[in-house]
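Hi,

Here is the structure I said I'd pass on.

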There are 2 protein chains.
Amino acid sequence: MPATDALAGPSVTLRGIDSFHVAGSVRTLAGLPVEQRVLAQGAAARPVDPNGDHMTGQMYCQAYRLVQPRHPFPVLLWHGGGMTGTNWETTPDGRPGWLWRFLQAGYDVVVSDAVERGRSSWSKYPEIYASEPIFRTLDEAWDMFRLGPAKGYATDAAARTAFPEQQFPLPYFDQFAKQWVPRWAGHEAITSAAYDALIERIGPCIVVGHSQGGGFAMLAAQRQPARVQAVVALEPSGAPAFDTGLTTPRPPHLTVWGDTIRSHPVWQRYHATVDAFGSALRATGARSDVLDLPLEGIHGNSHFLMMDRNSDAIFERVAGWLEHHATDHTTDHTTDRTTDQAPTSPP
Amino acid sequence: MPATDALAGPSVTLRGIDSFHVAGSVRTLAGLPVEQRVLAQGAAARPVDPNGDHMTGQMYCQAYRLVQPRHPFPVLLWHGGGMTGTNWETTPDGRPGWLWRFLQAGYDVVVSDAVERGRSSWSKYPEIYASEPIFRTLDEAWDMFRLGPAKGYATDAAARTAFPEQQFPLPYFDQFAKQWVPRWAGHEAITSAAYDALIERIGPCIVVGHSQGGGFAMLAAQRQPARVQAVVALEPSGAPAFDTGLTTPRPPHLTVWGDTIRSHPVWQRYHATVDAFGSALRATGARSDVLDLPLEGIHGNSHFLMMDRNSDAIFERVAGWLEHHATDHTTDHTTDRTTDQAPTSPP
């Protein structure tokens, strides 16, 4: 096969790649009409009966297991809304993604596709899902992913307006759009239940979540604080309600933010929600660090930090933080927790 | 992470895992109503505008590249209808799938999700896709995958009726159902175009296709006979129209069939179509071998040979055939082609 840029760096020796689905249950449909459909090339039409048992709510996970992991806890990579685990693989411009970087750094890695997305499948509506899905346009993404100003997108790549110093690999934006999948609103409960099932299966782990996946990571750390050893939330698009009744020590959290949030009303709101959650965490004595890239002099990062041209440099920052803080906080949490570290930035 | 049965056998050293999407183009929608939707946990509703540019027709591919491949041509694994590349990963009962077996055997491997399925995404209907999709029930699959007689399925696993000697790991049928995804009828042209684009990107390769993917593999070998070095069609559910005008030598083909086809009218028809294609292949001097498992004394295989309890034994047969026949047929094809080997079985 032709080589690609994605092959840079040391090789990785695996004892296995295994995939599985967690959660999911059977729903029975009845009373729907039977259709006649041609399903195979050159075959005659045959009846297709939608009545019967349908699997729903399951989540796909792919586990990469090293022969010699250098860290005790595997990393779970949780993508954001309208995406799949592909987000963590090769970047749109063909460089190694964070999946490969975590493997090279000596972590076992589990990549999942959230319920209803990618290889997790999705269910018939309105019979099983209540509503129709949402399809993201390239136009909207240009704005929401903070590549450029609202209305800065044009079908013709030469006519697009991007923010100065933009770190996203702009010539590959259309290639990136190939990763996007439809999504539903209002599926937080089934999605979170599947993440809970994944953590129950894996045991002690680190969760790295992006965007919507960052909010789910914070929620998972509240629901299973003894299993989640650390949370890295990359540009989380929200935070769960803070559970004030938790008695188990909470794992350390790191939140990472890109550029141009201050000029984007929707992102300002998301940031404020997450910031409030971080303050509540710190009030309990838990570690909640913030890596605000522009405040550190790193400019131009989009919402998709792990695909941006400086994705390797950001990975090194995150990996360094994990090296120091992703220890077993349930048996020795006092050392890390006594530092009541303030966030480095307001939104 | 807890170990699984899927970790049996030698480790695999990779120089990279890279993923990419081939094919795909932008379609612009206009004139649709704007909706108000809540998209993130705890966030306010915001407008969702479906008008604008949508990506459609792309196909997801994941390439596993060995540090030291032992074979010159990578293996492309193409799943069947209503499935994704997950079919080739861990079996539903937790054993290593053919992806891992091909890597252990020294082949680079590319797994893809067909257009509209899994990580390839799907498009809004009726605006981009003409019709609504088909959702497979567990009831229908029990029959069409030949696990047991029609109407042999029941929601209660203890009440199901299976064929004698069934090789499918029956206690994991519901787990297998978690792999299934919706599919559309009538998408042969866009699917085939994406497979063409994949082969153009990869270059000389072996294609292993299952069910609907087996038919696409035969079609790809007609469309790019100099690049496709060998075709393995596992229980193909059809065959393309035979291209009588082809002047390039055709690659060798192997077709593999499981049990109980003779008692299933739909599978009898599919088998007859494929058998006619194989006869036409042989009439041109090309190799077209048939491995009919029950005729060789191997009984009870379902439609999903690569997940059945004897999947490793069938893999060894296929790998052995490839070892002998997946040579560069465009430069030295006379040796293999002069044997006008008859199929070992009629349907």
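This is a predicted model: local features need pLDDT of at least 70, side-chain atom pairs count only at pLDDT 80 or more; totals for chains, interfaces and linings use all residues.

Strand S3 (46-48) of chain A and helix H2 (138-144) of chain B each supply at least two residues of the largest pocket's lining. H2(B) has the largest share, four residues.

Residues count from 1 along each chain as its sequence is written, chains are lettered from A and ligands numbered from 1 in written order, and side-chain values use heavy atoms, leaving out hydrogens and water.

The largest pocket holds about 430 Å³, counted as the space filled by probe spheres set on grid points joined across faces, edges and corners. Of its 17 lining residues, Asp49(A), Asp139(B), Glu140(B), Asp143(B) and Lys151(B) are the closest to the centre. (A pocket is an open set of points on a 1 Å grid over the protein atoms alone where a 1.4 Å probe fits, with protein on both sides within 12 Å along at least five of seven lines; lining residues have an atom within 4 Å of a point.)

What is the volume of the second largest pocket? About 350 Å³. Among its 14 lining residues, Asp139(A), Glu140(A), Asp143(A), Lys151(A) and Asp49(B) are the closest to the centre. H2(A) gives the most to that lining, with four residues.

Cheers
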